[in-house]
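Let's take a walk through a protein model together. Have the sequence and the 3D view ready as you read.

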Amino acid sequence: MRLELGDIIHVPGGVKNFDFSLDLSDLDFYGEKPICEPVRVQGRVVNRAGMLLLEATASSNLHLRCDSCGTPFERVKTVEVERMLATELEDEEDDDDIILLDGSILDAGEVMTTEFILEMDTKNLCREDCKGLGPGCGVNLNVDVCRCKPEPDPRLAALAALLE
């Protein structure tokens, strides 16, 4: 989604609203494609005293698999973005937080895709206190108890042999 901002660049108080969807379903994260549903992007560009400010929200329902127990689950992911826009940069080294416009055009789709991807979690848990899987039996410890036999202390192995 490309936004033409020429009509608000030199108009203090000028506003350009936008609302669109992004299809990020083909993106792969660690072997999974969790963004199955469209990402809804809503926001605006505001001219505040000659400075352009992008204010936007991107949101989607993610289809994830727990990294601890392997259970599939869904979670809504919402990313808030507030960035300054400029037609040119004076010092490119210090202006990492400023988005450079292409003339008077903002590629809002590219900006919001990048922001959404950067905010994706590296670890996904089905719940805060997920217990994971049993180390030997592989049972989901959130649902059942571990069936693994406790391993005997190697220092007491000789005594355990006597009991058998």
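**From the core to the sheet**

Leaving aside neighbours within four places in sequence, Leu106 is in contact (heavy atoms within 4.5 Å) with Met1, Arg2, Leu3, Leu5, Val45, Leu54, Leu85, Ile99, Leu101 and Val111. This is a predicted model, where local features need pLDDT of at least 70 and side-chain atom pairs pLDDT 80 or more, while totals for chains, interfaces and linings use all residues. Residues are numbered from 1 along each chain as its sequence is written, and side-chain values use heavy atoms, without hydrogens and water.

Leu106 is also among the residues with the most contacts inside the largest nonpolar core, which has 34 residues. Such a core is a set of buried Ala, Val, Leu, Ile, Met, Phe, Trp, Tyr and Cys residues joined through side-chain atoms within 4.5 Å; buried means under 20% relative accessible area, with a 1.4 Å probe and protein chains only. The strand β4 gives the most to this core, with six residues. Strands are DSSP runs of E with at least two residues, numbered from the N terminus.

Now look at the sheet. Five strands form an open sheet in the order β2-β3-β4-β5-β6, with mixed pairing; two strands pair if DSSP finds at least two bridges between them. The edge strands, β2 and β6 (98–100), each pair on one side only. Between β3 and β4 there are nine bridges, and these two strands run antiparallel. Asn47 stands opposite Leu52 in β4.

Finally, where does Glu55 lie? Glu55 belongs to strand β4 (residues 51–65). Glu55 counts as buried because its relative accessible area is 17%.

Key: Helix = DSSP H or I, 4+ residues; strand = E, 2+ residues; numbered from the N terminus. Buried < 20%, exposed > 50% of the residue type's maximum accessible area, 1.4 Å probe, protein only.
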